[in-house]
Amino acid sequence: MSEFGHILTLPILIPLVVGALLILINERHHQLKFAINLVSTMGLLAVSLILLYLTDYPQDGLNAVVYLAANWEAPFGIVLVGDRLSAVMLVLTTVIATGALIFSYSRWAQVGVHFHTLFQLLLMGIHGALLTGDIFNLFVFFEVMLAASYGLLLHGYNVVRLRAGLQYITINLVASVFFLIGIALIYAAVGSLNIADIAAQASLLEAGNRTLFHTGAAVLAVAFLTKSAMWPLSFWLPNAYTAAAPPVTALLVVLTKIGVYVVLRLYLLF
């Protein structure tokens, strides 16, 4: 584990704790909830900038920061990995989130309930997807991210948002099924869920397992390209973008880029 490895837990733990805290505060205290949300988001921006510095100027000879949960060695334990790409994506996410949150203050955060909680849980899912070191936890964080985005897309209920939201939810649930199938096929072929371990073993696979591995990778590609709205799988995108509240649309833009990030992360390694 890297000397500064524990910093990787902060982008996940801060929004998780703050999101839970915001549920306990009555919606009438809008200014208090906004202030807590803003402080948390600015804190996440500071953490992401520190992580970018650590990956740009390595302290232990590596351009990456690694955290092993409970000190379990990879590939058996949960691993968080932060490198220059993930740090840049963290900074990008928190900058956009800060702007969207400030824009939402005057109106959009008040047209429905639990906006600030969903906002923090969305950030938690995005950050976890950017930092995780194994593909099953990638699935878990993706689903946390998507579950929060469902609520935000439907925030400030109207008929147009309901229609677009149902389409968005249906498409992402189908893509999540493909996601799980792809993970199962890769695990059956390699016997590991750790991304670095899979990359190390991929070139050593026998013919039968290699075919299984390629099939799983192709299924994962379909899932990620659907979630990132790549053509021709982008038919759900216009309705979702136009129906959502403006600050939510800004966050949806980030969500689609997470799919592109995962494709870059996995396929360059594999």
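This is a predicted model: local features need pLDDT of at least 70, side-chain atom pairs count only at pLDDT 80 or more; totals for chains, interfaces and linings use all residues.
Residues are numbered from 1 along each chain as its sequence is written, and side-chain values use heavy atoms, with hydrogens and water left out.

At 2% relative accessibility, N172 counts as buried; buried means under 20% relative accessible area, exposed over 50%, and partly exposed in between, with a 1.4 Å probe and protein chains only. Leaving aside neighbours within four places in sequence, N172 is in contact (heavy atoms within 4.5 Å) with L146, Y150 and K227.

A cavity is a set of points on a 1 Å grid over the protein atoms alone where a 1.4 Å probe fits but cannot get out, and lining residues have an atom within 4 Å of a point. Helices α5, α6 (159–190) and α10 (246–269) each supply at least two residues of its lining.

**Second stop: the nonpolar core**

Next select F142, Y168, F179 and I258. Of the 69 residues in the largest nonpolar core, these touch the most other members. Such a core is a set of buried Ala, Val, Leu, Ile, Met, Phe, Trp, Tyr and Cys residues joined through side-chain atoms within 4.5 Å. Its largest share, 11 residues, comes from helix α5 (residues 135–153). Centre the view on F179: not counting residues up to four places away in sequence, F179 touches I135, L138, F139, F142, L220, A223, F224 and K227.

Now select residues 10–23, helix α1. Its buried residues include P11, I12, P15, V18, G19 and L22. They cover an arc of only 155 degrees around the axis, which puts them on the same side of α1; the arc is that of the directions from the helix axis to the C-beta atoms. The buried residues of α1 pack against α2 (30–56), β2 (79–83), α4 (115–131) and α5.

Move to R265, whose place is in helix α10. Not counting residues up to four places away in sequence, R265 touches D83, L85 and S86. The largest pocket, with a volume of about 190 Å³, has 13 lining residues, of which V81, G133, I195, R265 and L269 are the closest to its centre. A pocket is an open set of grid points with protein on both sides within 12 Å along at least five of seven lines.

**Last stop: H114**

Finally, select H114, in the loop between α3 (84–104) and α4. H114 has a positive phi of about 60 degrees although it is not a glycine. Most residues other than glycine have a negative phi. At 34% relative accessibility, H114 counts as partly exposed.

Definitions and conventions. Helices (H or I, at least four residues) and strands (E, at least two) are DSSP runs, numbered from the N terminus. The expected span of a helix is 1.5 Å times one less than its number of residues. Grid points are joined across faces, edges and corners, and a volume is the space filled by probe spheres set on the points.
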